[in-house]
Amino acid sequence: MSTVELHTLTGAYALGALTGREAAEFARHLDRCEACTQEVRELQETAARLALAVAEVPPAALRTRVMAALPEVRQLPPAEHAANVVPMRRRMRHRLPYLAAAACLVAAAVAGGYAVQARQDADAQRDRGVRAEQQAAAVSALLAAPDATFHTTALKGGGSGTVVASERQGRTAFLYHGLPALPGGRVYELWYSRDGAMVPAGLVETGRSSGAMLLTDGPRGADGVGITAEPPGGSNRPTSAPLGLLGV
């Protein structure tokens with residue numbers, strides 16, 4: 001492959017789209033081409049920021065709750081004779097206050113239950129929002145770290161992932177886009193590779209195809225990050241072949 005052709009592969013290399021042989025040849029080219037090295041870094045930073053930008057943010061508004069739990073009042077059977085109409089109306093007049101009071105009590109109990117549930121949902125939603133904001137701020141700071149490294153690859157089964165790491169900050173983030181839902185309630189789990197052992201580093205939030213997350217530990221001593229599909233709740237050790245392996 002000519003040098004001119006190599007200069008055109010910065011984008012594909014930054015997104016992990018080159019084959020193993022092409023990637024190795026381009027990596028050797030980067031050792032002697034400062035312009036391509038700078039361009040690859042800028043493209044990787046841009047790809048990482050785009051992945052962060054499309055991360056799904058939990059909605060701020062609570063779901064609208066529809067309360068339709070008023071008790072049904074059993075209807076009396078139709079009068080068979082006109083003579084029964086007047087006594088029936090009298091009975092109904094006497095029963096109405098009690099029925100109204102009972103309906104009010106039931107409605108108050110139902111409304112109280114919904115109010116408690118809505119308060120709990122609001123507190124949980126607020127906590128999730130605060131955690132999401134804190135993590136987004138930490139990831140943004142990591143992307144801007146002077147010593148941040150970026151490694152991007154396409155994942156087996158679909159989607160792509162980028163690992164951003166900073167020794168100075170002691171943090172690693174995983175930015176992902178287009179992850180397909182896994183069958184059987186399985187989850188995506190991240191792993192640090194340390195001295196030949198795979199150490200759990202966190203679970204990707206279920207139901208999100210794009211987003212960003214901090215790994216549970218820093219990059220010190222790690223030579224790579226892997227992602228696998230694991231049973232619900234995750235595993236202490238990988239149970240499947242890696243969907244992707246990235247450097248740190």
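Predicted model: local features only at pLDDT ≥ 70, side-chain atom pairs only at ≥ 80, totals over all residues.
View 1. Residues are numbered from 1 along each chain as its sequence is written, and side-chain values use heavy atoms, with hydrogens and water left out. The second largest pocket has a volume of about 340 Å³, taken as the space filled by probe spheres set on grid points that are joined across faces, edges and corners. Its lining has 17 residues, and Tyr13, Leu30, Gln44, Phe150 and His151 lie nearest the centre. A pocket is an open set of points on a 1 Å grid over the protein atoms alone, where a 1.4 Å probe fits, with protein on both sides within 12 Å along at least five of seven lines; lining residues have an atom within 4 Å of a point. Who supplies the lining? Helix H2 (10-14), helix H3 (20-30), helix H4 (34-53) and strand E1 (149-154) each bring at least two residues, and E1 gives the most, with five. Helices (H or I, at least four residues) and strands (E, at least two) are DSSP runs, numbered from the N terminus.

**View 2. Glycine 11 sits in helix H2.** With a relative accessible area of 28%, glycine 11 is partly exposed; the cut-offs are under 20% for buried, over 50% for exposed and in between for partly exposed (1.4 Å probe, protein chains only). Glutamate 42 is 31 residues away in sequence, yet the C-alpha atoms of glycine 11 and glutamate 42 are 9.8 Å apart.

**View 3. Phenylalanine 174 and tyrosine 176 make a stacked aromatic pair, 5.7 Å centre to centre with 20 degrees between the planes.** Rings of Phe, Tyr and Trp (its six-membered ring) pair if their centres lie within 6.5 Å, and planes under 30 degrees apart count as stacked, over 60 as edge-to-face and the rest as tilted. The count by this rule comes to one aromatic pair. Both partners are tucked away: phenylalanine 174 is buried at 0% relative accessible area, and tyrosine 176 is buried at 2%.

**View 4. Glycine 202 is part of strand E5.** Is glycine 202 buried or exposed? Its relative accessible area is 16%, so glycine 202 counts as buried. Setting aside neighbours within four places in sequence, glycine 202 is in contact (heavy atoms within 4.5 Å) with Tyr188, Glu189, Leu190, Met213 and Thr216.

**View 5. Aspartate 195 lies in the loop between strand E4 (187-194) and strand E5 (197-203).** Phi of aspartate 195 is near 50 degrees, a positive value in a residue other than glycine. Most residues other than glycine have a negative phi. Aspartate 195 counts as exposed because its relative accessibility is 79%.

**View 6. Proline 232 is in the loop between strand E7 (224-230) and strand E8 (244-246).** Relative accessibility here is 54%, so proline 232 counts as exposed. Even so, proline 232 touches Gly184, Gly185 and Arg186, not counting residues up to four places away in sequence. Valine 187 is 45 residues away in sequence, and its C-alpha is 5.9 Å from that of proline 232.

**View 7. The whole chain has five helices and eight strands.** Read along the sequence, the pattern is α-α-α-α-α-β-β-β-β-β-β-β-β. Of the 248 residues, 29% are buried. Among contacts between residues at least 6 apart in sequence, 60% join residues at least 24 apart.
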